[in-house]
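Please read them with the sequence and the structure at hand.

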Amino acid sequence: MYLHLGQNTVITHDEIIGIFDLDNTTVSKKTRDYLNLAQKQGRVEAVSEELPKSFIVCSDEEKGFKIYLSQISCATLLKRTQENYK
């Protein structure tokens with residue numbers, strides 16, 4: 001199954017490690033540090049130019065993990081994953 005993250009970005013469900021709300025999780029300094037480190041390592045990809053609402057951590061064979069910043073909310077992404085299993 002596939003999950004559309006916005007624009008032209010699609011990932012498989014098998015790649016997904018976690019889907020997180022950007023507003024709620026970045027309150028924590030540890031999460032901000034994690035995202036900053038991933039950005040410096042080139043592991044973060046913005047799906048669109050719009051203000052991101054969520055980030056998706058995915059497994060990546062080359063880099064170990066990759067983070068996508070998406071303008072789509074966590075709730076919508078969760079609905080999309082559940083719809084594929086009905």
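What joins the side chains of Glu 45 and Lys 66? The model is a predicted one.

1. A polar contact of 2.8 Å joins the side chains of Glu 45 and Lys 66. Glu 45 belongs to strand β4, and Lys 66 has its place in strand β6. Glu 45 counts as partly exposed because its relative accessible area is 29%. Lys 66, at 17% relative accessibility, counts as buried; the cut-off for that label is under 20%.

2. The C-alpha atoms of Glu 45 and Phe 65 are 11 Å apart, and the two residues are separated by 20 residues along the chain.

3. Next, the sheet. Its 4 strands run in the order β3-β5-β6-β4, forming an open sheet with mixed pairing. β3 and β4 (44-46) are the edge strands, each pairing on one side only. On average, neighbouring strands are turned by 20° against each other, direction ignored. β5 and β6 pair in the antiparallel sense, over 7 bridges. Phe 55 stands opposite Leu 69 in β6.

4. Helix α3 (residues 74-83) lies across β3 and β5 and runs at about 145° to β3.

5. The structure holds 2 aromatic pairs. One of them is Phe 20 with Phe 55, a stacked pair at 5.1 Å centre to centre with 25° between the planes. Phe 20 is in strand β3 (residues 16-21) and Phe 55 in strand β5 (residues 54-60), so this pair ties together parts that are 35 residues apart in sequence. Phe 20 is partly exposed at 33% relative accessibility, whereas Phe 55 is buried at 3%.

6. Tyr 34 and Phe 65 also form a stacked aromatic pair, with 5.7 Å centre to centre and 20° between the planes. Because Tyr 34 lies in helix α2 (residues 29-40) and Phe 65 in strand β6 (residues 64-70), the pair ties together parts that are 31 residues apart in sequence. Tyr 34 has a relative accessible area of 34% and is partly exposed.

7. Last, the nonpolar interior. In soluble globular proteins, nonpolar side chains tend to be buried together. Here the largest nonpolar core has 9 residues: Leu 3, Leu 5, Ile 11, Val 47, Ile 56, Cys 58, Tyr 68, Ile 72 and Leu 77. β1 (2-6) and β5 are the elements that give two or more residues to this core. A second, separate core has 8 residues, including Leu 35, Ala 38, Phe 55 and Phe 65.

8. Leu 3 is one of the residues of the largest core. With residues up to four places away in sequence not counted, Leu 3 touches Thr 9, Val 10, Ile 11, His 13, Ile 16, Ile 19, Leu 77, Arg 80 and Thr 81.

Terms used:
Residues are numbered from 1 along each chain as its sequence is written. This is a predicted model: local features need pLDDT of at least 70, side-chain atom pairs count only at pLDDT 80 or more; totals for chains, interfaces and linings use all residues. Side-chain values use heavy atoms; hydrogens and water are left out. Rings of Phe, Tyr and Trp (its six-membered ring) pair if their centres lie within 6.5 Å; planes under 30 degrees apart count as stacked, over 60 as edge-to-face and the rest as tilted. Buried means under 20% relative accessible area, exposed over 50%, partly exposed in between (1.4 Å probe, protein chains only). Two strands pair if DSSP finds at least two bridges between them. Axes are lines fitted to C-alpha atoms, for helices over the stretch in contact, and angles run from 0 to 180 degrees between N-to-C directions. Contact means heavy atoms within 4.5 Å. A nonpolar core is a set of buried Ala, Val, Leu, Ile, Met, Phe, Trp, Tyr and Cys residues joined through side-chain atoms within 4.5 Å. A polar contact is a pair of N or O atoms within 3.5 Å; within protein, one must be able to donate a hydrogen and the other to accept it, and residues adjacent in sequence count only if both atoms are side-chain atoms.
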